[in-house]
Amino acid sequence: MKKIGFTLIKILIFSVSLFFLIFTIYSNIDKLKEINIASTGVVIVYVILSSIMYAVLLLFLALGWKKILESLSKITISYKLVLIYLRSLIFKYIPGNVFHYVARQVEAKKEGASHKVLIHSNIIESVVLIVASLAISSLALIFMQDTSLDNYIHHVDMNLIYGVGIGSILAIILIGRYNKIGISDYVQPFFLYMIFFLCIGFITYIIVIEVLQLNISLPICIFLYSLSWLAGFITPGAPGGLGVRESLFIVLSNGILSESDALVLSVLLRIITILGEILVFMIASVIINRQNKQIGIYGKCEAIRKN
């Protein structure tokens with residue numbers, strides 16, 4: 001009964017977010033035609049380049065998870081698990097928002113990783129990602145000197161944000177003590193994730209300047225993306241944060257961007273992330289398949305030699 005109730009809540013949250021996004025598109029359908037946007041060729045070039053940059057940034061997430069896994073297992077982990085991580089990311093768009101974890105768990109277990117360690121690594125990764133996104137959002141908020149903070153305090157309960165951050169830090173400490181790993185083991189993943197959010201903010205900034213041809217500061221872009229990403233990440237049931245991330249991005253952009261500009265920007269960023277995840281899926285799959293073929297050929301040669 002509880003499972004059914006939780007499923008209904010997930011469906012409700014996703015449906016409300018999607019409805020808000022669709023309603024925003026419908027409300028701005030005429031304004032969208034009037035947006036001062038770069039030519040189609042320029043948009044395509046920047047979307048492709050941004051997707052490639054995003055694909056590279058996903059490596060920071062994979063390396064952060066690898067470090068967490070090594071800290072838990074006390075051994076050096078094969079870089080094949082990095083490829084497994086990258087290949088699994090695309091599965092988060094399957095309804096349920098958990099299938100990328102499932103795919104990662106199944107494939108990594110085949111490589112000899114402990115089931116228990118993998119589960120703990122996924123939990124720790126999620127908590128450290130939350131802390132990193134809150135940290136970079138808070139830093140960006142401090143440097144948003146050209147923007148009234150009242151706009152953001154009006155939409156976001158900052159006490160709630162900092163409460164989640166403190167709770168996440170305490171969770172890291174407790175999980176670390178349970179798994180007998182120190183705070184120092186989280187430092188590298190934390191900074192890798194901080195770099196990830198910083199660079200995604202930079203991609204957002206480039207799209208705003210070059211594609212939408214607007215003038216807003218880099219800290220604002222970092223803040224908008226990091227906090228809206230967090231909302232999509234922690235919302236249950238939303239595949240890859242779809243709908244939730246875009247909805248909060250539009251709300252937080254109030255007073256900074258017009259609703260139509262925020263809508264176009266959030267959709268472009270979603271296209272960029274999806275293309276980047278498809279790219280790393282394809283590259284990782286090709287490399288893994290080649291490695292598996294080489295192992296298979298080597299195994300056959302060994303068998304022939306022994307016979």
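Modeller: Buried means under 20% relative accessible area, exposed over 50%, and partly exposed in between, with a 1.4 Å probe and protein chains only. This is a predicted model, in which local features need pLDDT of at least 70, side-chain atom pairs count only at pLDDT 80 or more, and totals for chains, interfaces and linings use all residues. Residues are numbered from 1 along each chain as its sequence is written, and side-chain values use heavy atoms, with hydrogens and water left out.

Colleague: How many residues of helix 4 are buried?

Modeller: Helices are DSSP runs of H or I with at least four residues, numbered from the N terminus. In helix 4 the buried residues include K80 and R87 as well as L81 and L86. Helix 4 is mostly covered, and the buried count is 9 of its 9 residues.

Colleague: Which element has the highest mean pLDDT?

Modeller: pLDDT is the predictor's confidence in each residue, from 0 to 100. The protein averages 78, and 70% of the residues score at least 70. Among the elements, helix 7 (residues 150–155) has the lowest mean, 49, whereas the highest, 92, belongs to helix 3.

Colleague: Why is the pair of F91 and F281 classed as it is?

Modeller: Rings of Phe, Tyr and Trp (its six-membered ring) pair if their centres lie within 6.5 Å; planes under 30 degrees apart count as stacked, over 60 as edge-to-face and the rest as tilted. F91 lies in the loop between helix 4 and helix 5 (99–110) and F281 in helix 12, 190 residues apart. Their ring centres are 6.1 Å apart and their planes stand at 90°, so the pair is edge-to-face.

Colleague: Over which ring does the charged end of R104 sit?

Modeller: A charge sits over a ring if NZ of Lys or CZ of Arg is within 6 Å of the ring centre and within 35 degrees of the ring normal. The charged end of K66 sits over the ring of Y79, 4.3 Å from its centre. For R104, the charged end is 5.0 Å from the centre of the ring of W65.

Terms used. Helices (H or I, at least four residues) and strands (E, at least two) are DSSP runs, numbered from the N terminus.
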